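Subject: Structure for your review

Dear colleague,

Please find below the structure that I am handing over to you. My notes on it follow directly after.

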Amino acid sequence: MRLSFKIWITMKDFDKQIEEQQVAWRKLHIATGELGIQNGKKRPWILPQYLWIEGLWEPIRKTLPIYLETEQVQRHKGCHNLKSSWMLCANLYFPFKDDLPLLTSFLRSNVDPTIETVDRIELEYAEDGELCPSQLLGEPEGSRGANQTSPDIAFIVNNGKGLVLTENKYTEHSFYECSGRKYSPDPKRCLDIQSVLEDTENTCYQLQWEKDGRPNRKYWDYLKISDYGKENLKRCPAAYSGCQLFRQQALTEAIAQSGKYNFVISCVAYDHNNQTLANCLKPTGLYHFSDWGKLFNGKAKFSTFTHQQWVKWVRQNDSNGHWKEWLQYINQRYGY
């Protein structure tokens, strides 16, 4: 069964299409019609939690849980939601830990031409020791996948000399509002870009949390706004819709400045039909979030690619038909 996609203009239409896609797929591939619950609501695209694994491509239903347990990675609490971007990430990229040359050629062509090899892939990536998020960013102690900045998927490349930290998106409408603004006694100051840039310490509430018994965040310690950013930013880049990008940029820059790697790249993988996500930073001053990297001067790079580009690459370069069944599954499941 081949379910086709069109380009939807609004988030409502795009989200509705994904819901219909996943419900149709469920009827054909999930035996039970029992509705699952997420955030207190039952939806036809949500499986009962005990059946979350049925949302995975069958060949990784054993290997992924073993990986999560071995590496002490926390799976996403919404993984029983068929619209989950965490599950999409697992289905699209985790299987290729056993076909790194194909992944290498894709990343070299679509992310950075200096990528020569992919050594391994990791979900919910975090460094250890002095480069862990709590040390670098001042975040409370967390774990991979819970309560810390840990990119959805990382590609360790060039014999361990390069690192690509990737945020994976599907139906999300944005990169979310900054928690500092959410709890700030004066959230309007986040919209005063001049104050944010010239008096960051007194403007950014994330640098004042120790007054409330919480550790101050260190994101701004690593980020320097470029001339492009100064000319185009209308508010703090994290304020409304860019918090995840902001945190990942800080993490990427901090690791890049450590000197452990020859290069570190902050990356976003997304569905090209999700125009609301693509345009979510317009109020901040960016026409498309792919321009995010222009905002900063530093060692870290920034790149993006779409899920459609990846699947197309596999389809065109799978010369021996090894990924035929995977391609059929991804087409039926996601329309790619």
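The residues that line the largest cavity divide into 10 nonpolar, three polar and one charged. In this classification Ala, Val, Leu, Ile, Met, Phe, Trp, Tyr, Cys and Pro count as nonpolar, Asp, Glu, Lys and Arg as charged, and the others, Gly among them, as polar. The model is a predicted one, in which local features need pLDDT of at least 70 and side-chain atom pairs count only at pLDDT 80 or more, while totals for chains, interfaces and linings use all residues. Residues are numbered from 1 along each chain as its sequence is written, and side-chain values use heavy atoms, with hydrogens and water left out.

Cavities

The largest cavity has a volume of about 120 Å³. A cavity here is a set of points, on a 1 Å grid over the protein atoms alone, where a 1.4 Å probe fits but cannot get out; lining residues have an atom within 4 Å of a point. Grid points are joined across faces, edges and corners, and a volume is the space filled by probe spheres set on the points. Of the 14 residues that line the largest cavity, Cys178, Cys190, Cys204, Trp220 and Cys236 lie nearest its centre. Helices α6 (179-183) and α9 (219-222) each supply at least two residues of this lining. Helices (H or I, at least four residues) and strands (E, at least two) are DSSP runs, numbered from the N terminus.

In total, the structure holds two cavities of 30 Å³ or more. The second largest cavity has a volume of about 30 Å³, and its lining comprises seven nonpolar, one polar and one charged residues. Among the residues that line it are Tyr125, Glu127, Pro133, Thr149 and Ile255.

A pocket, by contrast, is an open set of grid points with protein on both sides within 12 Å along at least five of seven lines. The second largest pocket has a volume of about 260 Å³. Its lining has four nonpolar, five polar and seven charged residues. Ala126, Glu127, Asp128, Arg144 and Gln148 are the residues nearest its centre, out of 16 in the lining. Both β3 and α5 supply at least two residues of that lining.

Gln148 is found in the loop between α5 (133-137) and β4 (153-157). Is Gln148 buried or exposed? Gln148 is buried, with a relative accessible area of 14%; buried means under 20% relative accessible area, exposed over 50%, and partly exposed in between (1.4 Å probe, protein chains only). Leaving aside neighbours within four places in sequence, Gln148 is in contact (heavy atoms within 4.5 Å) with Ala126, Pro133, Glu139, Gly142, Ser143 and Arg247.

Strand β4

In β4, five of its five residues are buried. Ile153, Phe155 and Val157 point one way, whereas Ala154 and Ile156 point the other way. In a regular strand the side chains alternate between the two faces of the sheet. Strand β4 pairs in the antiparallel sense with β3 (residues 118-123) over five bridges, where two strands pair if DSSP finds at least two bridges between them. Five bridges also join β4 to β5, and these strands run antiparallel. Ile153 is the bridge partner of Leu123, and in β5 the bridge partner of Ile153 is Thr166. The hairpin of β4 and β5 has four residues between the strands, and Asn158 takes a positive phi near 50° there.

Salt bridges

How many salt bridges does the structure hold? The structure holds 12 salt bridges, each being a side-chain nitrogen of Lys or Arg within 4 Å of a carboxyl oxygen of Asp or Glu.

Glu71 forms a salt bridge with Arg144, the closest N and O atoms being 3.7 Å apart. Because Glu71 lies in helix α2 (residues 63-71) and Arg144 in the loop between α5 and β4, the pair ties together parts that are 73 residues apart in sequence. Glu71 is partly exposed, at a relative accessible area of 33%, whereas Arg144 is buried, at 13%.

Glu127 forms a salt bridge with Lys260, with the closest N and O atoms 2.7 Å apart. This pair links distant parts of the chain, with Glu127 in the loop between β3 and α5 and Lys260 in the loop between α11 (243-258) and β7, 133 residues apart. Glu127 is buried, with a relative accessible area of 7%, and Lys260 is partly exposed, with 46%. Salt bridges that share partners also join Glu71, Arg120, Glu122 and Arg144 into one network.

Yours sincerely
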